[in-house]
Amino acid sequence: MANPAIEIERLTKDYPVGFWRKKMRRSLDHLSLRVEEGESFGFLGPNGAGKTTTMKMLMGLIFPTSGTARVRGRSINEVRMHREIGYMPEQPYFYDYLTARELLGYFARFFGFNAAERKERVARFLSLVGLAAAADVQLRKFSKGMLQRVGIAQAILHDPQVIFLDEPMSGLDPVGRREVRDIILDLKKQGRTIFFSTHILSDAEMLCDRVAVLLDGKLRGVGSPGEIVSMEVQGMESLFEVGKQHTLPANIAARAKNIGNRYRIEVAEQELYAVLDQLRGCEGRILSVAPLRPSLEDYFFNLVGRQKTQVPAAEVGVR
Amino acid sequence: MSVIPGVVAINTFREAVRDRVLYNLIFFALMMIGAAILVGQISIGIERMVIINLGLSAISIFGIIMAIFIGVGLVYKEMEKRTLYSLLSKPIRRWEFLVGKFAGLLLTLVVNTALMTLGLGAALYFVSRKFERGDATILVAVYFILLELALVTALALFFSCFTSPMLSTLYTLGIYVAGVFAPGILSVSQFTSNWELGAITRFIYYVLPNFHNFGVIAAAAHGDAVPFTLIWHNTLYALLYVILILVASAAVFSGRNLK
Amino acid sequence: MSKRGQNKSHTRAVLLALVAVPALFALCAGLQMRIDADTFAMYQDKDELLLRSGALLKKLSLGYEPLLADVYWTRAVQYYGVRARKPGATYEQLWPLLDITTTLDPKLMIAYRFGAVFLSERPPTGPGKADLAVELVKRGIAENPDEWRLYEDLGFLYSIHLKDYKKAAEAYLEGSKNPNAQIWMKVMAARVAETGNELETSRLIWVGVYSSTKDEMVRRTAVQHINSLDAALGLKRLNKSSEEYWRKFGRFPASIQELRDAGLVGGTLEDPAGFPYVMGPNGVPQLDPHSPIVLESDQGAGELR
């Protein structure tokens, strides 16, 4: 079996808390994950779930309390591993006295490209993320969205096989998000492995082959977005319009919601045709009929909601 | 040998150059040298001596200030501002980062000191229209100042790995002052009849970085020669001590969890 | 896969540090010793004080006079201490350093005592400036009228170094007027007035200096002087015996042994350093040439020849 791109085994992180730093708070609890080459993997969870903690450990910014991880067969302890990965931190901060071009050129030097290659790559990736015009502006003058783009550029300019993105869409306007989505899809097409964390579920649904859901440091589920949520069709949804002169049948009026002329109704699958007949009867115009499946969002909110009524994750022992 | 520290060093140098605060310091230093010329006019007969004394003292003081001022933020700033997040994800070892920051600041200090020394040389020439053989000692004094600066920079870097700039400044300054008065510490052990106190002060004397070793400004002012053995020993001393501090810094920093 | 979290590079770095740091400290200590030798060899006699004026320094010190005084005091002690071990050293800056110290902190009593003893020491152990020492002590008395011990220092200076026994007696007397003064101040006043020029009196004064201080350097100097005086006294006694010999036998003794055989002297006849006295020409006893004791120039035993 080929090496997985990312292999995380029982990764755990405890933080000392309290005035005397005696108690430990477990921010990541024995996470085990496996991401295959070429996968686009979404790491989901609300803020504070442990997503960033995991990423930082993989990058060697913080050190695990226990557990290991490997990327493309190399332990996260090895420096060589970093040649093959790219990382975009959550809120990118860069040296604000440098220009975008200088920053990328600086980072490029760590990979042993010669001067010509560096120049070419820097230019190429700057225009890929749409910063060609601002290439020679000092980073201290960049907006958040622009910094985000620099973040992506510096993560991929050395053509890494595995790319880690921490909240890549945050701070971007819809156009920017679209561009980032396209970049990610493009990278995926090139066969690279993408591991990105987000709390924007629609992005995960759209971009990921598989997702993992993290809550309070614990892994709650791994699978394709479809697998995570039940495949069970929970009913049908229909959008329709009704002419002004007609009144809706009572049973429909009770259950339908409207804005002006437009109505939306949810019905059980067995009821669908009966309702449609009734609508035909009052000359309603059917706009759409679609199956209702709980989205990732629903699954998510359920999970979080359930969690909220429970006792929060226990503090793990006293030192 | 890895080229990574050099890459970090050049970038650190670039940062220092673009930090406009530095220029104020250099300006003040040059002003001091100008003042030295004026003072020299007042004390007739010893203008050269006064210029060399004041000039070298100014170069030394401003060098120390710069070394501490920038040094205490070398690692701390990168941790606070999280610029380290993207940097450490690159193929770079933590010790390479430290060595690079150290080298970058040292390079900055060397360039600044060189500029100020040129200013001093110009002032000297302006006053006496010639250079004397004994003036070579001025260059030795400047070289020793650079050795001092390397030590101070390393100390500041070390503290920068784990404490705030304010505390780092206090600690670094404290060690520097103690190091300047090192012979005084030794004399306590020589003139006390208390054996324990003598042993402790002797130990402290040999452990503290001894900045008094580098003090040849008086010799430079008089044009006296500095023995080559002292130059050689001081160089070795500074080199070994800097390595010591960097090794300790690497030990501390390589275990640090960034927030 | 292990359960414990690994941070291999940290462990490696710590191990390296545990080995390298002490080793480097040891190397640096060794280098430091060599550097000390280097700087000792090149030590400046023309060591300048950039700011000579105590009054100016006082203004510049911005309220930190006592601290600055301590700094200069430390420098003064070091200055003397280093030079005392270096042959051919001069002590030009000792007076300025002490002057500045006592200007910044007139109540620093040890500085006056130190100055009294070491400013007056004759070369090679000091600058031989008893007059400046007197000036220093007088300033001390002016600023600290209640410190009777300063009068003792003054008496010491007049008696031992300036040989003005009248002024010495006056100083002791003046000091004895202080109700806290010890009784022997009066005794010394009388003693000095009568027999100021005698070796025994000088010895007594030096014993007084020794017992009234805890300072190692001062005590060491006092002991040296006491030993010197003891040697001189010993030589004087031998000289007397020599003259007796001459009266008895019509010639001077050729050796100490001859004095012994004649029954004129007995016991161990050694100087305080443990070297036996030897007989010189004309029956003038002398110190063994190997003896480290140095007689002061006015203490030769051969006054009567």
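pLDDT is the predictor's confidence in each residue, from 0 to 100. This structure is a predicted model, in which local features need pLDDT of at least 70 and side-chain atom pairs count only at pLDDT 80 or more, while totals for chains, interfaces and linings use all residues. Residues are numbered from 1 along each chain as its sequence is written, and chains are lettered from A and ligands numbered from 1 in the order in which they are written. The predictor assigns the complex an ipTM of 0.87 and a pTM of 0.73.

**Confidence**

- Chain B has a mean pLDDT of 88, with 97% of its residues at 70 or more.
- For chain C the mean pLDDT is 83, and 91% of the residues reach 70 or more.
- Within chain C, helix 6 (residues 130–143) has the highest mean pLDDT of the elements (92), and helix 2 (residues 54–60) the lowest (76).
- Residues 300–305 of chain C have a pLDDT below 50, and this stretch has 11 contacts in the model beyond near neighbours in sequence; two residues are in contact if their C-beta atoms, placed from the backbone, lie within 7 Å.
- Where pLDDT is low, the predicted coordinates should not be read in detail.

**Sheets of chain A**

- One open sheet of chain A has 4 strands in the order 2-1-4-5, with antiparallel pairing; two strands pair if DSSP finds at least two bridges between them.
- Strand 2 (23–35) and strand 5 (74–75) of chain A each have a single partner strand, so one side of each is left without a neighbour in the sheet.
- Strand 1 (residues 6–17) of chain A runs antiparallel to strand 2 of chain A, and 9 bridges join them; A:Ile8 has A:Leu33 in strand 2 as its bridge partner.
- Another open sheet of chain A has 6 strands in the order 6-7-8-3-9-10, with mixed pairing.
- Strand 7 (residues 162–166) and strand 8 (residues 193–198) of chain A run parallel and are joined by 5 bridges, and A:Ile163 stands opposite A:Ile194 in strand 8.

**Helix packing in chain B**

- The axes of helix 9 (residues 182–191) and helix 10 (residues 195–207) of chain B come within 7 Å and cross at roughly 155°; axes are lines fitted to C-alpha atoms, for helices over the stretch in contact, and angles run from 0 to 180 degrees between N-to-C directions.
- That angle makes helix 9 of chain B roughly antiparallel to helix 10 of chain B, a description used for angles over 145 degrees, with under 35 counted as roughly parallel, 65 to 115 as roughly perpendicular and the rest as oblique.
- Residues of helix 9 including B:Ile185 and B:Leu186 meet residues of helix 10 including B:Leu197 and B:Ile204.

**Interface of chains B and C**

- In this interface, 36 residues of chain B are in contact with 33 residues of chain C.
- Helix 12 of chain B supplies 14 residues, the largest share of the side of chain B that touches chain C.

Technical notes. Helix = DSSP H or I, 4+ residues; strand = E, 2+ residues; numbered from the N terminus.
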